[in-house]
Amino acid sequence: MSEFPFAAVVGQEALKTALLLNAINPRIGGVLISGPKGSAKSTLARALAAILPSDGEGQRAPFVTLPLGASEDRLVGSLDLQKVLAEREATFHQGLLAKAHGGVLYVDEVNLLPDTLVDLLLDVAASGTNIVERDGISHSHPARFSLIGTMNPDEGELRPQLLDRFGLCLEQAEGVSIDERIAIVQQREAFDRDPAGTLERVEDAQAALTERIAKAQRLLKEITTDPWVYRTIATRCEAAGVEGLRADVTWHRAAQAHAAWRGVGSVEQQDIDTVEPWVLAHRRTQPPEQHPPSSPPNQTPSNGEGGSSSANNAPSGGSSYPGGEQGQWGAMPPMTQEAISQPAVKLPDSDGFAQRNNRSETAASAGKGEEPGRGRSQVTTSRLDGFATLIANRGQWPWQQLKMRKARAGQTTAHLVLLDTSGSTLGQRLLGQAKGLVESLVTQAYAAREQVAVLGFGNGGVVSILSRRRAPKNARGTLDNAKGGGGTPLREAIIEAKRLILQWQRREPGLKVRTYLITDGRTRETVDDLAPLDDCLVIDTEQSKVKRGQGARIAQQLGALYWPTSFGKPSMAHTVSAHQLGNLS
């Protein structure tokens, strides 16, 4: 069945241009298309192959799809077992990377692909060569292709380390105009009724695109770049707060490809401006403009939280909570509060950390486990390495020696921190001190080479402060930028945490997730009807002279360990019984 033609796709001009630039210069590093279902992501990706110039032998450019369940051997290539057994010759069987050479390698739902495969194919896409080494045998082949990845952000984000590896990123708008919707449906209906007729009508336009791509590819080597271009790109990358230099390199390549696409001999301002949003969309850490909003959003507290006073009447310090709730603090506009360094957090051991979904478990029931901070168990398994075994026996049967492949030891650990950033945490600088706790957790995770993610809940919603990644060496700047204010959407935060954990563990069945809920408990919301949160520690930051005990109640409702804090002083995590709750009230 014919694919829908590239030239017949209605709208999507930015996406079309980005795909064409990547076809002109695959060293740009691929295009990641993020958008909701039905936004023509897959249609354009598949249509691109039909307009790519043919090779020297007149062969049409291949279009190769990488399935979600593909193994590493299928991607990079594997030992040809038939030749090994029949001819006693160790040769490789082509993988998908070799088959995609000169064409398009398409990865649908790339955010659900194992990270190891994403990392591998991005390396090859950048270098243009696939190098396979297996037990002393090395094989390499050219692998230049246009890499296209599509994803629906509702199904989970791509890890930041891998996101940066994609050269360009386009975020598709969720809505289209009425006229565009009508034109899209009419075009689709025409193609379904008469595919051959549609292809014939756009044949000239398709051929023109192919010729223009070929011309741009030839011109690319002759494109010149004036010194001001380097300075402009460097200045804008610095202003955007990008990490590393990959953005600069990609920006130069994309701007040169755009100049070649236009048929000019040097990079001009419009080339820089056109590709800027695609280069920086997934790398920017600073907003384009730093001007604060004139009327801060989300000033209305969430359900159940007081706050009738205006921001101008809010207290400047202390811990005043009219009516037993947030009061003026909840009505304050979002504001920053710098992290206050805290001593190293001595966490409970791994077995004591897990509550096994038992809400009434007592502290005595928690056993001892691995050393605190260690992120991997010591259990290892092994399995037969067929490749190494065949090489070692040189095709002889029966095998005289077996080679075993060790499986990856232990489990990866991810620390998920839920940080209360509501207005009540601004009093007594609780937010700053809580940020210090998070910084201490991140530092320990960094030392253990573990992963970390931080969600903030306040200002009427849940936002990502630090997306899941290998723990950074220094998180102070990121934490300091998180603002506090508004209400406390506790239930929303717990529900979002459960969704993320389920999503991560479906993708990585061996992943171990530990959750930390850091809150002062100033909320009327209850989580008693929610299922227990496995491996959860509730860190209570309430510092009032008269304790309300809400943090302990939340811990019991979630089946979590409870840890009251006295900032600057160590404390012990423990479970909370109903009797203890009565004493705290």
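Trainee: At 45% relative accessibility, does T235 count as buried, exposed or partly exposed?

Mentor: Start with the cut-offs: buried is under 20% relative accessible area, exposed is over 50%, and partly exposed is in between (1.4 Å probe, protein chains only). T235 has 45%, so it counts as partly exposed. T235 sits in helix α11, residues 227-240. Helices are DSSP runs of H or I, at least four residues; strands are runs of E, at least two; both are numbered from the N terminus.

Trainee: What should I know about the model itself?

Mentor: This is a predicted model, where local features need pLDDT of at least 70 and side-chain atom pairs count only at pLDDT 80 or more, while totals for chains, interfaces and linings use all residues. Residues are numbered from 1 along each chain as its sequence is written, and side-chain values use heavy atoms, with hydrogens and water left out.

Trainee: How far apart are T235 and D248 in sequence and in space?

Mentor: They are 13 residues apart in sequence. C-alpha to C-alpha, T235 and D248 are 9.8 Å apart in space.

Trainee: How many helices and strands does the protein chain have?

Mentor: The chain has 21 helices and 19 strands. Of its 585 residues, 48% are buried. Contact means heavy atoms within 4.5 Å. Take contacts between residues at least 6 apart in sequence: 72% of them join residues at least 24 apart.

Trainee: Which residues have the most contacts inside the largest nonpolar core?

Mentor: The general idea comes first. In soluble globular proteins, nonpolar side chains tend to be buried together. A nonpolar core here is a set of buried Ala, Val, Leu, Ile, Met, Phe, Trp, Tyr and Cys residues joined through side-chain atoms within 4.5 Å. In this model the largest core has 54 residues, and F6, L19 and L48 have the most contacts inside it. Helix α12, residues 246-262, supplies the largest share of this core, eight residues. A second, separate core has 29 residues, including V110, L113, V132 and F166.

Trainee: Which residues is L19 in contact with, leaving aside its neighbours within four places in sequence?

Mentor: L19 touches F6, V31, I33, L44, L48 and I148.

Trainee: At what angle do α10 and α12 pack?

Mentor: Axes are lines fitted to C-alpha atoms, for helices over the stretch in contact, and angles between N-to-C directions run from 0 to 180 degrees. Under 35 degrees is roughly parallel, over 145 roughly antiparallel, 65 to 115 roughly perpendicular, and the rest oblique. Helix α10 (residues 203-220) packs on α12 at about 125 degrees, with the axes 8 Å apart. That angle makes α10 oblique to α12. The contact uses L209, R212, I213, A216, L219 and L220 of α10, with Q256, A257, A260, W261 and R262 of α12. By class, it has eight nonpolar, one polar and two charged residues. The classes are simple: Ala, Val, Leu, Ile, Met, Phe, Trp, Tyr, Cys and Pro are nonpolar, Asp, Glu, Lys and Arg are charged, and the others, Gly among them, are polar.

Trainee: How far apart are the axes of α12 and α13?

Mentor: The axes of α12 and helix α13 (residues 269-280) are 9 Å apart, at an angle of about 135 degrees. So α12 is oblique to α13. Among the α12 residues in contact are W251 and H258; the α13 side includes I272 and V279. The contact divides into nine nonpolar, four polar and three charged residues.

Trainee: Where does G263 lie?

Mentor: G263 is in the loop between α12 and α13. With a relative accessible area of 46%, G263 is partly exposed. G263 and R212 are 51 residues apart in sequence, but 8.8 Å apart in space, C-alpha to C-alpha.

Trainee: Which residues of α1 and α10 make their contact?

Mentor: The axes of helix α1 (residues 13-24) and α10 come within 9 Å and cross at roughly 55 degrees. The two helices are therefore oblique to each other. L20, A23 and I24 of α1 meet I213, A216, Q217 and L220 of α10. By class, there are six nonpolar, one polar and no charged residues.

Trainee: What is the phi of D535?

Mentor: Most residues other than glycine have a negative phi. D535 has a positive phi of about 45 degrees, although it is not a glycine. D535 lies in the loop between β17 (512-519) and β18 (536-540). At 13% relative accessibility, D535 counts as buried.
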